[in-house]
Amino acid sequence: MPLNRRTFLGSSAAAGAGVAIAGGVAVPAEAEEQHHGKGHGRPPKRYSFTVMGTTDLHGHVFNWDYFTDKEYDDKAHNDVGLAKVATLVKQVREDKGHRNTMLIDAGDIIQGTQLSYYYARVEPITGTHGKRGPKHPMALAMNHMRYDAAALGNHEFNYGIPTLRAFQEQLNFPLLGANALDAKTLKPAFPPYAVRCLKVHGGPDVKVGILGLTNPGIAIWDKANVQGKMTFPGLVEQAKKYVPRLRALGCDVVICTDHSGLDGSTSYGDALPYPENASSLVAEQVPGIDAILVGHTHKEVPSRTVVNKETGKSVVLSEPYMWGMRLSVFDFELELSRGQWQVTSVKADVLNANTADEDPVVAKLVRAEHEKVVAYVNQVIGTSKTAMTTAEAAWKDEPIIDLISTVQAETVKAALAGGAYASLPVLSQASCFSRNAAIPAGTITIKDAAGLYPYENTMEARLLTGAQLKDYLEFSARYYVQTPAGAPVDTSKLTNADNTPDYNYDAVSGLTYDIDVAKPAGSRIVNLSFQGKPLDPAGQFVLAVNNYRANGGGGFPHVATAKQVWANSDEIRNTIIAWVKAKGTIDPATFASVDWKLVRDGVPVF
């Protein structure tokens, strides 16, 4: 049944305000008996229930790609969206018994598609001109699916705290964040946990505690939205605080839902004292946890077992891939011992959404919103004389990436005109976010620009020296796998060294340079020049850079501590759209140039 939000939310709706709660949320729900102990009228000895989990839904309700304006498909023929997940959930509930199941999420719900963007920026759920905003499509779908709880993801903060609070208020279940604290009071800004009671006929209740943990990297990635308002300590530290509290409340089972990957890695270097991907560490270092739903890294891990160092007990973790492609299913077996339920077995696996039909009720609930957004993304913003694509942009200087850098550099130059930094050269950083983005010859629409720049990044300008730019480029060039001169080059194996994602490889426009992939990382940048002359290590330059990178995302050197000389709150995507609209027709011949290339011992790779 839907939650009465007054049982767990305080009255404060101010951005960043702590939520006043006394413990977690109890949601009574009767559960059917799985095994009857019939001898002498004794209570049941065993009970089983199932917890289903999603993560990194990123605004996907339908199996639809708003960037291509057609059904989603990939090489593995995955399907996406809550409409398909809802069918899987329904099947599990029918199989296990509706009252013996729970449904949770591990975060990153309200950002990622043009559907979610539209209801954050175009027709915002926060409302405009004193009018109440519309219901968020993800709230419509998830409420209907009867989620029990969800953890906060880092992308929940992309549109600012007011939008997140508006989304929170539309939900019939709690958004959990035990390590999302009010910056002033250091009290929880969101409910840390929830408790669900499963009533077993003839036996004591089974109390299930759900602890929500989000990502410490929010402090870096969304600095502009959270600085001075919220702070984000580590997952292990907060789990050590709240898991004992859940056990003290009488929870027989404790589940964590973590917006944090498994492997202990960190993309932001030593900028924070807490690891980005800490779920395995939580399992290993915090006693009293039975299972963890994992998110954030967009990976599929059907089941992994980690042994807790203190207790020696096994903790089962599962990550169900992204966008609703998979549904994690945890099956718990419990046994009654001396009046107390004990977990005897936990097993996990994933179900594939491409085996399911679309749930007609979820589809009907969100159909009007979907059609409105399809019309929006097909609005024409200009024309292009030639086609451009990112298909080879990960290893070649391509005009489509030059388009991003041209827009950014021109925007920063205009902003600095007449000021103290107007005489300095402006360079621009840009990444290939998607290898499937394209600007067609002829008509350009909003969806084309959105596909080129899918993130809600904003723009900044930072002051760097020539020497610092060299370091920056060397760091970026780690993206390439070392490939000896004369060896065959396979582009499918050339990039993403050490699992570096495409969005953490930057090209810098305004300089010319070669990247020697035959050399080890750290000594690959050669022939680095500015305006035909070797780059002056002491020279000063303004770098147009997105806020993710400027705040330390990816751990690039110098930029996060460099002087900020300008910043803008408008999304780079919108700046690109406005630039194209102003031009009317764009011609790559006017802005594209080959400023960098891959070489081996001086010989071009391509």
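Author: Let us begin with a definition: an angle of 65 to 115 degrees between two axes counts as roughly perpendicular. Please keep in mind that this is a predicted model.

Reader: Why are α2 and α9 called roughly perpendicular to each other?

Author: The axes of helix α2 (residues 114–122) and helix α9 (residues 360–377) cross at roughly 85°. The range for the term is 65 to 115 degrees, and α2 and α9 are therefore roughly perpendicular to each other. Their axes come within 9 Å.

Reader: Which residues in α2 and α9 meet?

Author: From α2, Q114, L115, Y117, Y118, Y119 and V122 take part, and they meet E369, H370, K372, V373, Y376 and V377 in α9. The residues of this contact divide into eight nonpolar, two polar and two charged.

Reader: What makes the span of helix α1 close to the expected one?

Author: Helix α1 (residues 82–96) has 15 residues, for which 21 Å is expected at 1.5 Å a residue. From its first C-alpha to its last, α1 reaches 20 Å, which is close to that value. After α1 comes G97, whose phi is positive, near 100°.

Reader: Against which elements do the buried residues of α1 pack?

Author: The buried residues of α1 include L82, V85, L88, V89 and V92. The partners of the buried residues are β2 (46–54), β5 (101–105), α3 (137–145), β16 (326–337), β17 (340–352) and α9.

Reader: Why is the pair of F433 and Y455 called edge-to-face?

Author: The structure holds 27 aromatic pairs. In the pair of F433 and Y455, the ring centres are 5.1 Å apart and the planes stand at 80°. Rings pair if their centres lie within 6.5 Å, and planes over 60 degrees apart count as edge-to-face; the pair is therefore edge-to-face. F433 lies in the loop between β20 (426–430) and β21 (438–439), and Y455 in the loop between α11 (446–452) and β23 (458–465), 22 residues apart. Both belong to one aromatic cluster, formed by W221, Y268, F433, Y453, Y455, Y503 and Y548.

Notes:
Residues are numbered from 1 along each chain as its sequence is written. This is a predicted model: local features need pLDDT of at least 70, side-chain atom pairs count only at pLDDT 80 or more; totals for chains, interfaces and linings use all residues. Side-chain values use heavy atoms; hydrogens and water are left out. Axes are lines fitted to C-alpha atoms, for helices over the stretch in contact, and angles run from 0 to 180 degrees between N-to-C directions. Helices (H or I, at least four residues) and strands (E, at least two) are DSSP runs, numbered from the N terminus. Angles under 35 degrees count as roughly parallel, over 145 as roughly antiparallel, 65 to 115 as roughly perpendicular and the rest as oblique. Contact means heavy atoms within 4.5 Å. Ala, Val, Leu, Ile, Met, Phe, Trp, Tyr, Cys and Pro count as nonpolar, Asp, Glu, Lys and Arg as charged, and the others, Gly among them, as polar. The expected span of a helix is 1.5 Å times one less than its number of residues. Buried means under 20% relative accessible area, exposed over 50%, partly exposed in between (1.4 Å probe, protein chains only). Rings of Phe, Tyr and Trp (its six-membered ring) pair if their centres lie within 6.5 Å; planes under 30 degrees apart count as stacked, over 60 as edge-to-face and the rest as tilted.
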